[in-house]
Amino acid sequence: MRRTRVIPALLLHKGGLVKSVKFKDYKYVGDPINAVKIFNEKEVDEIALIDIDAGRENRAPDIKKITEVASEAFMPMAYGGGITTIEQIKEIYYNGIEKVILNKAAVQNPALITEAARLFGSQSVMASIDVKKHFLKGARVYIENGNTNTGFGPVEFAKKMEAAGAGEILLNSIDRDGTYAGYDTGLIKQVAEAVHIPVIAIGGASGIEDFRLAVQQGASAVAAGSMFVFQRPHRAVLITYPSQEELKKEVYSQI
């Protein structure tokens, strides 16, 4: 039996938490601190907090907000959004975050990943790869909330991030984000087989069985958003997380 990290991904937008569908159609789901307190009670493995405005607006990370949220968390936290310098990364770590998530900066300045990994260890640096598929052009990596095509293929870029020093890859399917259609297991398999660092699958989870399928295709961990903040079918806000007994029965014991 292998234990797999199951990570809620929380999106910060204008100070509150939102959830998207295909990186659009944001719905407000509450205050980040309240959400973290609930996840504390549910004993989650780790939380990813991503400011979806910062990179697009070329704005630095909101250290005050990051500190407020991190100070309430009993579990390890990763933060992404607007990170462009080593000084920002140092300040983020100093204020209680264990890992940084680099997306736009990973494309524009991969040397930042190399320097952060050298100073703080590769285990504390995560490269975020957002992927959208095209009928003719195939899958491509996007930045700026899915608005800018980098021209990189996901496998090519994942190898580039590993070479730069990233310790993990957060692999997101834009097409499946918030759809409950299940993870893109084909994409997970391609990327996981191409690199030697952990791949965290995100985008499309609808139930615990999706976690198992992702891990069977090579994911080292799984993350989800809608599944943990909405009650279906009407997307009523309800912060939830599977029990350790459920995860052990449906995931850990079957991989």
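Two strands count as paired if DSSP finds at least two bridges between them. Helices (H or I, at least four residues) and strands (E, at least two) are DSSP runs, numbered from the N terminus. What you're looking at is a predicted model, where local features need pLDDT of at least 70, side-chain atom pairs count only at pLDDT 80 or more, and totals for chains, interfaces and linings use all residues. Residues are numbered from 1 along each chain as its sequence is written, and side-chain values use heavy atoms, with hydrogens and water left out.

**View 1**
Start with β7 (residues 125–134). It pairs with strand β10 (residues 168–173) in the parallel sense, over six bridges. To find your way between these two strands, look for Ile129, whose bridge partner in β10 is Leu171. Strand β8 (residues 138–143) pairs with β7 as well, in the antiparallel sense and over five bridges. Here Lys132 has Arg140 of β8 as its bridge partner. With three residues between them, β7 and β8 form a hairpin. How many of the 10 residues of β7 are buried? The count is seven, so the strand is largely enclosed by the rest of the structure. "Buried" means under 20% relative accessible area, "exposed" means over 50%, and "partly exposed" is anything in between (1.4 Å probe, protein chains only).

**View 2**
Three bridges link β6 to strand β5 (residues 77–80), and the two run parallel. Look for Gly80, which sits opposite Ile101 of β6. To get from β5 to β6, the chain passes through helix α3 (residues 86–94), making a right-handed β-α-β crossover. Right-handed here means that, with the strands pointing away from the viewer, the path from the first strand over the helix to the second runs clockwise. β6 also pairs with β7, in the parallel sense and over three bridges.

Ile86 is found in helix α3, and at 11% relative accessibility it counts as buried. Which residues does Ile86 touch, leaving aside its neighbours within four places in sequence? They are Leu112, Glu115, Ala116 and Leu119, where contact means heavy atoms within 4.5 Å. The C-alpha atoms of Ile86 and Glu115 are separated by 7.6 Å, with the two residues 29 apart along the chain. Now move to Ile92, also found in helix α3. Ile92 is buried, and its relative accessible area is 0%. Setting aside neighbours within four places in sequence, the contacts of Ile92 are Pro61, Ile63, Ile66, Tyr79, Ile83, Ile97 and Val100.

**View 1. Helices α5 and α6, packed together.**
Two packed helices are described by the angle between their axes and the distance between the axes. Helix α5 (residues 110–120) and helix α6 (residues 154–164) pack at about 40°, and their axes are 8 Å apart. The axes are lines fitted to C-alpha atoms, for helices over the stretch in contact, and angles run from 0 to 180 degrees between N-to-C directions. That makes α5 and α6 oblique to each other. For reference, angles under 35 degrees count as roughly parallel, over 145 as roughly antiparallel, 65 to 115 as roughly perpendicular and the rest as oblique. From α5, the contact uses Pro110, Ile113 and Thr114, and from α6 it uses Lys160, Met161 and Ala164. Sort these residues by type and you get four nonpolar, one polar and one charged. (Ala, Val, Leu, Ile, Met, Phe, Trp, Tyr, Cys and Pro count as nonpolar, Asp, Glu, Lys and Arg as charged, and the others, Gly among them, as polar.)

Most residues other than glycine have a negative phi. Lys22 isn't a glycine, yet has a positive phi of about 55°. You'll find Lys22 in the loop between β2 (16–21) and β3 (24–30), where it is partly exposed, with a relative accessible area of 45%. Asp25 is found in strand β3, and its phi is also positive, near 50°. Is Asp25 buried or exposed? Its relative accessible area is 58%, so Asp25 is exposed.
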